[in-house]
Amino acid sequence: MSQNQNGKWVRIAPEQVRGSSNGHVEVGGSNRLCINPQKDHKSESYEDLQLEFNPLVFSSLEQYLPPHMLNLSREVKVQYMRNILLRYLPESERIRIQKHKEYRHRIMLNYPPLCKQIYSMDAEKFFTPSFLRAVEENSEASFRSIMAEPRKGLYTFEMLQPQFCEMLMSEVDNFERWVHDTKFRIMRPNIMNQYGAVLDDFGMESMLERLMNDFISPISRVFYTEIGGTSLDSHHGFVVEYGINRDVELGFHVDDAEVTLNICLGNEFSGGELFFRGVRCDEHVNSDIQPGEIFDYPHVPGHAILHPGRHRHGARPTTSGNRMNLIIWCRSSAFRELKKYRKDFSSWCGECRRKKKEKERLLVMATQQELMNRGMQSAS
Ligand SMILES: [Zn+2]
């Protein structure tokens, strides 16, 4: 049963959604797409729905629906396309996605938010005027005017207003209290943290999606062209908590991200510096640190550091007080796909670059030797 555009419930017979076999691609089961898109059809927006796939995927797929489906209700179309997309995922992944969806649903049904105003993007209230101006101007010069680049590819800048930091920290405290009181079993942001919360799981997914698309992507497009910064298309947004009764430190690691934004929210604390040790590809993640790759960054509330996810780093112990950071891992599925077919990452991996230079140096030496040998032969 599905709801049609007039709000009435209608039963869709399998024959009705199957369409004619002429010009249709069989994708398993009965749901099919057309080979050629209906270019003049204006697709609907799916942005407001909680789906396992990016809403934009549905909008672009809609033009490939069988012609008689194009004007059916959005709910019918989304179910149809979802069934097709799910067939491309292995069973275990499908179960994981379904379970996670139910988990999120349980949180959203039961958790009462404290500061509703931070759940939707309000740029004027969230960001500092200097940051907003730089993003509005949207040029390398405007970004550089508010940023420091203490090491190649590491950018630090003032970003969040104190009131927003306060509200987000109160919200997370409120969430942790709720988790404790209701004994709700929550998933922590990653395997390395015992504390902290995934903001996407409790209602902030679309706000963070906008934060990535409208505020991180413009910067990444300029500074991270080599590592997928021009095609960021998904994110993982979470907060980490360090200090008394929280996590103490974080071991040396790389992020599951192309570009990472790490913003200190507060509060009073000492220690907790991030230490960076050079960007590496998958193969070279454990290779030695080279001269010039050592950099330590002390957190300042409201300030952000933007870095490649593959920049090896860790957090030193927070020795007193409590510290909370907002972290957004930005990912590019296109970049990950392309990476599978390449072996040389000397444009961004420190070790690939060192090996390439070493190879070139040896080649030059061998050539010199060869020339000298030839010179001696002709002289004798
Ligand atoms: Zn490498």
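**Entry 1: the cores.** I started with the largest nonpolar core, which has 63 residues; Phe 127, Met 159, Leu 211 and Leu 261 are the members that touch the most others. A reminder to myself that this is a predicted model. I then listed the contacts of Met 159, leaving out residues up to four places away in sequence: Phe 126, Phe 127, Thr 128, Phe 131, Leu 211, Leu 261, Ile 263, Gly 302, His 303 and Ala 304. There is also a second, separate core of 18 residues, with Tyr 46, Leu 51, Leu 65 and Ile 84 among them. I noted the general background too: nonpolar side chains tend to be buried together in soluble globular proteins.

**Entry 2: helix α3.** Ile 84 took me to α3, where it is one of the buried residues. The helix covers residues 74-86, and its 13 residues reach 18 Å from first C-alpha to last, close to the 18 Å expected at 1.5 Å a residue.

**Entry 3: the zinc ion.** Which protein atoms are the donors of the zinc ion? They are Cys 281 (SG), His 284 (ND1), Cys 349 (SG) and Cys 352 (SG), at 2.1 to 2.3 Å from the ion. I checked the angles next: the four donor atoms subtend 96 to 118°, so the arrangement is tetrahedral. For my own reference, the ideal angle for four tetrahedral donors is 109.5 degrees. Along the sequence, the donor residues follow the spacing C-x2-H-x64-C-x2-C.

I then looked at where two of these donors sit, Cys 281 and Cys 349. The pair links distant parts of the chain, 68 residues apart: Cys 281 is in the loop between β12 (274-279) and β13 (295-297), and Cys 349 is in the loop between α10 (333-339) and α11 (350-379). Are these two cysteines buried or exposed? Cys 281 counts as buried because its relative accessibility is 2%, and Cys 349 counts as buried because its value is 0%.

**Entry 4: helix α11.** Cys 352 turned up again here, as a buried residue of α11 together with Gly 350 and Glu 351. These buried residues pack against β12. I also checked the helix length: the 30 residues of α11 should span 44 Å at 1.5 Å a residue, and the end C-alpha atoms are 43 Å apart, so the two agree.

**Entry 5: the annotated span.** UniProt, in an unreviewed entry, lists residues 233-332 for "domain: Fe2OG dioxygenase". I computed 0% helix and 59% strand for this span, with its end C-alpha atoms 5 Å apart.

**Entry 6: two single residues.** Asn 262 is in strand β10 (residues 259-266), and it is buried, with a relative accessible area of 8%. Beyond four places in sequence, Asn 262 touches Leu 274, His 299, His 303, Ala 304, Ile 305, Asn 325, Leu 326 and Ile 327.

Ser 142 is in helix α7 (residues 140-146). Ser 142 is also buried, at 4% relative accessible area, and its contacts beyond four places in sequence are Ala 134 and Glu 137.

Definitions and conventions. Residues numbered from 1 in each chain as written. Predicted model: local features only at pLDDT ≥ 70, side-chain atom pairs only at ≥ 80, totals over all residues. Heavy atoms only, no water. Donors = N, O, S within 2.8 Å, 3.2 Å for Na, K, Ca; no water. Tetrahedral: all angles 85-135°; square planar, octahedral: opposite > 155°, others 65-115°. Helix = DSSP H or I, 4+ residues; strand = E, 2+ residues; numbered from the N terminus. Buried < 20%, exposed > 50% of the residue type's maximum accessible area, 1.4 Å probe, protein only. UniProt positions renumbered as here; feature names shortened; annotations may be inferred. Core = buried A, V, L, I, M, F, W, Y, C linked by side-chain atoms within 4.5 Å. Contact = heavy atoms within 4.5 Å. Expected span 1.5 Å × (residues − 1).
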